[in-house]
Amino acid sequence: TEPPLFSSLSRSRRLFGQPEWIANGDISFDHPDWGTQMTVAVFAISDVLDAAGTAQVGRNGTTLNATLDRYFSSFYQVDVIFNQTWEPSFLKGAVAFKISLKSVTDSVRKLIYDPGQTDREYVNREFRIGRDYSFSLSYTF
């Protein structure tokens, strides 16, 4: 019988740049009489294929060299947005104050080799998503 061919790489894999799943959720509060709005939003995503692996197999079925699939690891982030509007009687208009805090968790994102092809997590690179803060004050008349 023929020796088994290299079987460590999957015969199929996800599309490049396409996660297996994405999840979004938010909780919002809106009170028009008070002029108050607030939202807490959560975003999460599964591993995303970044580079497809390859393998070179010898005539006898042994692996001569291999490169593993590489993924951006899963991560999540939390965003908070607050907006307050006032219409004071001494002004002929409205004043609005807005705070936006994005990626409050400052999650870590890793470039990893396929965990299905390795015995532990091998990290190629690692970085933080980063936080983004913005504040605004506006007046409309």
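Student: How many bridges join strand E7 to strand E8?

Tutor: In this predicted model, local features need pLDDT of at least 70, side-chain atom pairs count only at pLDDT 80 or more, and totals for chains, interfaces and linings use all residues. Residues are numbered from 1 along each chain as its sequence is written. Strands are DSSP runs (E, at least two residues) numbered from the N terminus, and two of them pair if DSSP finds at least two bridges between them. Strand E7 covers residues 75-86 and strand E8 residues 94-102; they run antiparallel, and the number of bridges joining them is seven.

Student: Which residue in E8 stands opposite Asn83?

Tutor: Residues 94-102 make up strand E8, which is joined to E7 by bridges. Opposite Asn83 stands Lys98.

Student: What is the phi of Ser103?

Tutor: Most residues other than glycine have a negative phi. Ser103 lies in the loop between E8 and strand E9 (108-113), and is buried (under 20% relative accessible area, with a 1.4 Å probe and protein chains only), at 3%. Although Ser103 is not a glycine, its phi is positive, at about 55°.

Student: Is Asp106 buried or exposed?

Tutor: Asp106 is also placed in the loop between E8 and E9. Its phi is positive, near 45°, in a residue other than glycine. With a relative accessibility of 12%, Asp106 counts as buried.

Notes:
Heavy atoms only, no water. Helix = DSSP H or I, 4+ residues; strand = E, 2+ residues; numbered from the N terminus. Buried < 20%, exposed > 50% of the residue type's maximum accessible area, 1.4 Å probe, protein only.
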